[in-house]
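Please look first at the sequence and the model together, and keep both in view while reading.

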Amino acid sequence: MSMSVQSNPYGPNPSDFLSNVNKFELIESTLREGEQFSNAHFDTETKIKIAKALDDFGVDYIELTSPVASEQSRKDCEAICKLGLKAKILTHIRCHMDDARVAVETGVDGVDVVIGTSKFLREHSHGKDMNYIAQSAIEVIEFVKSKGIEIRFSSEDSFRSDIVDLLNIYRTVDKIGVNRVGIADTVGCANPRQVYELVKTLKSVVSCDIECHFHNDTGCAIANAYTALEAGAKLIDVSVLGIGERNGITPLGGLMARMIAADRDYVLSKYKVHKLRDLENLVANAVQVNIPFNNPITGFCAFTHKAGIHAKAILANPSTYEILNPEDFGISRYIHFANRLTGWNAIKSRVDQLNLHLTDDQCKEVTAKVKQMGDIRQLSIDDVDSIIRDFHAEQQTPSLRPAPTTEDDIEPVAKKQKTE
Ligand SMILES: [Zn+2]
């Protein structure tokens with residue numbers, strides 16, 4: 001059932017005229033930011049596979065490592081541009097003419113320019129003042145535009161930059177016609193409230209689109225991305241599994257979870273979210289990591305319900321304890337019934353799955369047996385199935401029913417496990 005914006009309490013507030021929650025775009029940076037992940041080393045074939053999978057998923061932009069980073073990086077950039085993907089291809093360069101001249105020859109649709117504007121970076125990294133930054137920005141932007149290519153100008157470490165300096169330079173580059181300006185929380189220090197304030201302020205100063213880039217050092221990357229959209233940003237940088245420098249940036253999957261809760265129709269109309277799991281597996285294999293157990297959507301227990309009270313309600317109506325519908329992602333929900341927190345509704349559902357027939361009272365009785373054994377040790381599904389089957393058999397032939405002792409409860413399970 002689709003929910004209208006007005007009836008969905010998790011969606012954009014209709015009175016919030018700044019919000020782009022229901023019209024956001026994705027700049028997918030697995031092949032740029034993701035290359036900065038400690039385990040990442042993508043060969044050409046892998047980059048092409050990932051680019052095609054991202055394109056198939058439906059991301060709006062694919063951002064690639066700077067062509068001046070290395071000779072192979074430049075060749076790979078050219079190769080991906082030649083694939084003829086639907087997604088626009090971007091490359092990410094320093095705000096410098098040497099880089100810009102190489103970038104515009106690769107065949108990219110757009111160039112993302114970045115320069116450090118914080119006091120820390122100006123003093124300890126490139127050593128340039130704001131006038132110099134503005135002058136080189138203007139030169140690079142006008143050059144890239146003259147080639148008919150999209151251009152984004154972003155500050156680096158925006159949240160630790162002087163707000164007056166920041167707004168001045170954004171106003172300048174907006175006037176000369178950049179397609180987007182970018183805010184980057186390069187060190188992952190920003191919180192959602194600061195993000196809202198900065199994006200909203202910037203929105204009042206520029207007429208172009210606003211892109212945001214959030215690192216996840218303090219765990220706010222998804223929340224900051226959502227808040228940025230609420231405040232009027234249009235584009236969010238993501239990577240598959242959030243891989244990137246240090247512990248990475250806003251993850252594509254996690255942001256999809258957040259956005260689908262806000263506007264399911266929009267997300268499903270643009271992105272093939274049922275391909276998320278394959279996409280994450282592709283990248284996880286390429287960088288040799290596992291999908292985290294608590295990953296939104298694809299973590300192994302993301303749709304597993306355990307407590308008896310939860311299981312009962314989920315069986316009656318999944319919306320009771322699920323804000324996301326696992327079917328949207330081609331994933332099955334799982335009722336974890338093999339434990340001492342289980343309830344008789346979950347056990348009854350397992351009885352039905354086993355195609356056995358027990359009354360509600362009998363299900364309650366066998367549930368008590370499951371809980372009894374669950375207090376002794378961790379249970380497997382086989383354990384519970386054996387308890388159910390033995391109980392069921394006893395009900396059919398009551399004369400064979402053994403005396404109810406704890407040992408008798410355990411023994412049949414052990415026997416059953418050997419035969420299965
Ligand atoms: Zn970054």
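At what angle do helix α8 and helix α9 pack, and how far apart are their axes? Helix α8 (residues 221–230) packs against helix α9 (residues 252–262) at an angle of about 50°, and their axes are 10 Å apart. Helices here are DSSP runs of H or I with at least four residues, strands are runs of E with at least two, and both are numbered from the N terminus. Axes are lines fitted to C-alpha atoms, for helices over the stretch in contact, and angles run from 0 to 180 degrees between N-to-C directions. The two helices α8 and α9 are therefore oblique to each other; angles under 35 degrees count as roughly parallel, over 145 as roughly antiparallel, 65 to 115 as roughly perpendicular, and the rest as oblique.

This is a predicted model, in which local features need pLDDT of at least 70 and side-chain atom pairs count only at pLDDT 80 or more, while totals for chains, interfaces and linings use all residues. Residues are numbered from 1 along each chain as its sequence is written.

Where α8 and α9 touch, Ile222, Ala225 and Tyr226 in α8 meet Gly254, Leu255 and Arg258 in α9, two residues being in contact if their C-beta atoms, placed from the backbone, lie within 7 Å. By class, this contact of α8 with α9 has four nonpolar, one polar and one charged residues, where Ala, Val, Leu, Ile, Met, Phe, Trp, Tyr, Cys and Pro count as nonpolar, Asp, Glu, Lys and Arg as charged, and the others, Gly among them, as polar.

Helix α8 also has helix α7 (residues 192–203) as a partner, for the axes of α7 and α8 come within 8 Å and cross at roughly 30°. The helices α7 and α8 are therefore roughly parallel to each other. Their contact is made by Pro192, Val195, Tyr196 and Val199 of α7 together with Ala223, Asn224, Thr227, Ala228 and Glu230 of α8, and by class it has six nonpolar, two polar and one charged residues.

Glu230 of helix α8 deserves a separate look. Because Glu230 has 21 C-beta neighbours inside 10 Å, it counts as buried; the cut-off for buried is 20 or more other C-beta atoms within 10 Å of a residue's own, with exposed meaning 12 or fewer and partly exposed anything in between. Leaving aside neighbours within four places in sequence, Glu230 is in contact with Asp16, Ser19, Val21 and Tyr196. Glu230 and Val199, which are 31 residues apart in sequence, lie 9.1 Å apart in space, C-alpha to C-alpha.

Among the strands, β3 (residues 88–94) and β4 run parallel and are joined by five bridges, two strands being paired if DSSP finds at least two bridges between them. Ile93 stands opposite Val113 in β4. Strand β4 (residues 110–116) is mostly covered, with six of its seven residues buried.

Taken as a whole, the protein chain has 16 helices and ten strands, and of its 420 residues 43% count as buried. Its C-alpha trace spans about 95 × 50 × 40 Å along the principal axes.
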